[in-house]
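I opened a new page for this entry.

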Amino acid sequence: MNHLEDLPAWAALLTAFLVVLGAGLTLIGAIGTLRFRSFFERVHAPTLGTSWGTGAILLASAVCFSALGSRPIIHEILIGVFITVTTPVTLMLLARATIYRDRTEGNEGVPPRSLLRHPHDA
């Protein structure tokens with residue numbers, strides 16, 4: 001059973017705009033993955049694209065189902081929080097694993113440990 005014909009025009013337009021915006025931001029992140037040369041350049045673009053793109057799509061979902069249900073739908077907020085928390089952590093773990101691998105293999109272009117330490121570390 002489809003209730004989309006009950007969706008007000010303002011909500012349909014806002015939902016469509018947010019979905020297209022989210023898809024565009026995610027596409028930009030995917031293009032950034034293909035365009036950049038090194039792993040460290042590539043890993044940044046998709047994290048921003050997925051974070052902002054997913055946020056726009058989740059907002060579109062919240063607008064659509066809130067307008068259809070005549071009450072606020074907040075499930076999307078939880079999804080957004082989990083994505084916002086897990087995406088940077090995943091990025092950091094992937095980058096650290098790559099730095100460790102490149103150092104153990106003796107690859108060039110990896111910053112020495114002394115440059116990565118905080119000045120207050122002993």
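I began with a term: a nonpolar core is a set of buried Ala, Val, Leu, Ile, Met, Phe, Trp, Tyr and Cys residues joined through side-chain atoms within 4.5 Å. Buried means under 20% relative accessible area (1.4 Å probe, protein chains only). I noted that this is a predicted model, where local features need pLDDT of at least 70, side-chain atom pairs count only at pLDDT 80 or more, and totals for chains, interfaces and linings use all residues. Residues are numbered from 1 along each chain as its sequence is written, and side-chain values use heavy atoms, without hydrogens and water.

**Core.** I looked up the largest nonpolar core and found 7 residues: Leu 7, Ala 11, Leu 18, Ala 60, Val 63, Cys 64 and Ala 67. Helix H1 (9–35) and H3 each give two or more residues to this core. H3 has the largest share, 4 residues. Helices here are DSSP runs (H or I, at least four residues), numbered from the N terminus.

**Packing.** Next I checked H3 (residues 44–69) against H4 (residues 75–105). They pack at an angle of about 175°, with axes 10 Å apart. The two are therefore roughly antiparallel, a label for angles over 145 degrees. Axes are lines fitted to C-alpha atoms over the stretch in contact, and angles run from 0 to 180 degrees between N-to-C directions.

**Record.** The unreviewed UniProt entry annotates "transmembrane region" at residues 12–36, 48–68 and 74–95. I found residues 12–36 to be 96% helix, with end C-alpha atoms 36 Å apart. Residues 48–68 are 100% helix, and their end C-alpha atoms lie 30 Å apart.

Technical notes: Parallel < 35°, antiparallel > 145°, perpendicular 65-115°, else oblique. Buried < 20%, exposed > 50% of the residue type's maximum accessible area, 1.4 Å probe, protein only. UniProt positions renumbered as here; feature names shortened; annotations may be inferred.
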